[in-house]
Amino acid sequence: MSVKFVTSIYTDLYGTKFGGRPNRSGHYRWSLLSMLKMTDADFVCYTSDREYEGLCSFFYEEHQISKDKLEIKIYDLENHYFKGLFDKYKDYEAAKKSDRCMEVQWMKFKWLADEDMSYDYYFWIDSGLSHCGLIPNRYLTLTGPNNRGYYESSLFNNTFLSNLVKETGDKVSIIGKENRRNFWSGTVDSKHFTNYDNSIHIIGGLFGGKKEFIPKLFELFDYYGNKVVVEDGRVYHEEDILTLMFRNHEEMFNVFHFDIWWHENERVIGIDMEEHTKKNKSFYKIIEALNGIYE
């Protein structure tokens, strides 16, 4: 069994027509470094020509990561696959104030499909997924230079990887957040659904499966993405398209469910976090279970 993860790091897009989270350079680097503890998998990371040398220095020189284990590729978002569609329908002025880059969101599926399918399984994983906002303190080192410990987690390892593949089986694995009691997001227009249901919102941070399913996954995203954008006159986040794909083709997917992003070490004004996390399944419980840990 061979596995490849595809990811990206673009950290200087906030305030541009692309949009994106500001000041995430250290976060994404340390998080991806932590996830490289899945040594039985290989990784490819897309980035800009502006960030390429810095990433090479960080991973290859400072931390001695093999280029066979992590390939860093330059990809110019100015000429991305969906550019023609975006130029017609994306609000570039609004994007300058957004902390999300829709170009990266949509390219997740194209980057997966562009792989040569020489591995058995392919997954997209967000480079910043390993951090203290999602993972409680007991799974973090909380030590190290440049706040590394807030991103260094023990949960991303070969046990997690093996169980992820096992649970995925002959389907595409996705992550679904409960979306009624703990509302998170709306959907595309209900007219696009075979049977409208917004009770689960599909998350774009981790998904994938057997190589045989990757071309179909891209085909569906490309079809539904173009369809809803043209008919509705706006560009949606990739998670909205994924949610539509899931509902219209449920037989294709294996879903890992969770209720809330928060965990017990977080503090939110007006919420009893101990009680809230007892009643609701935190996101990290998915990662915990894939480590064989059940509480």
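Q: What makes strand 1 largely enclosed by the rest of the structure?
A: Buried means under 20% relative accessible area, exposed means over 50% and partly exposed is in between, using a 1.4 Å probe and protein chains only. Seven of the seven residues of strand 1 are buried, so the strand counts as largely enclosed. Both faces are covered, with Val 3, Phe 5, Thr 7 and Ile 9 buried on one side and Lys 4, Val 6 and Ser 8 on the other.

Q: Where do these numbers come from?
A: This is a predicted model, where local features need pLDDT of at least 70, side-chain atom pairs count only at pLDDT 80 or more, and totals for chains, interfaces and linings use all residues. Residues are numbered from 1 along each chain as its sequence is written, and side-chain values use heavy atoms, leaving out hydrogens and water.

Q: How do you know that strand 1 pairs with strand 2 and with strand 4?
A: Helices (H or I, at least four residues) and strands (E, at least two) are DSSP runs, numbered from the N terminus. Two strands pair if DSSP finds at least two bridges between them. Strand 1 and strand 2 have seven bridges in the parallel sense, and four bridges join strand 1 (residues 3–9) to strand 4 (residues 121–125), also parallel. Val 6 stands opposite Val 44 in strand 2, while Phe 5 faces Phe 123 in strand 4.

Q: Why is one side of strand 3 and of strand 7 left without a neighbour in the sheet?
A: Seven strands make an open sheet in the order 3-2-1-4-6-5-7, with mixed pairing. Strand 3 (70–74) and strand 7 stand at the edges with a single partner strand each, so one side of each has no neighbour in the sheet. From one strand to the next, the twist averages 25°.

Q: What makes helix 8 "mostly covered"?
A: Eleven of its eleven residues are buried, among them Glu 238, Asp 240 and Arg 247. The cover includes helix 5 (102–113), strand 5, strand 6, helix 7 (214–232) and strand 7.

Q: How do you know that Glu 266 has no salt bridge?
A: A salt bridge needs a side-chain nitrogen of Lys or Arg within 4 Å of a carboxyl oxygen of Asp or Glu. Lys and Arg count as positive, Asp and Glu as negative, and His and the chain ends are not counted. For the buried Glu 266, the nearest side chain of opposite charge is Arg 267, 8.5 Å away.

Q: What does Glu 266 touch?
A: Contact means heavy atoms within 4.5 Å. Leaving out residues up to four places away in sequence, Glu 266 touches Gly 133, Trp 261 and Met 273. A polar atom of the Glu 266 side chain also lies 3.0 Å from the backbone nitrogen of His 263.

Q: Why is Ile 271 called partly exposed?
A: Its relative accessibility is 32%, so Ile 271 counts as partly exposed. Ile 271 lies in the loop between strand 7 and helix 9, in contact with Trp 262 and His 276 when neighbours within four places are set aside.

Q: Why is Asn 146 called exposed?
A: Asn 146 has a relative accessible area of 60%, so it is exposed. Asn 146 also has a positive phi of about 55° although it is not a glycine.

Q: What about Leu 142?
A: At 37% relative accessibility, Leu 142 counts as partly exposed. Phi of Leu 142 is near 60°, a positive value in a residue other than glycine.

Notes: A polar contact is a pair of N or O atoms within 3.5 Å; within protein, one must be able to donate a hydrogen and the other to accept it, and residues adjacent in sequence count only if both atoms are side-chain atoms. Axes are lines fitted to C-alpha atoms, for helices over the stretch in contact, and angles run from 0 to 180 degrees between N-to-C directions.
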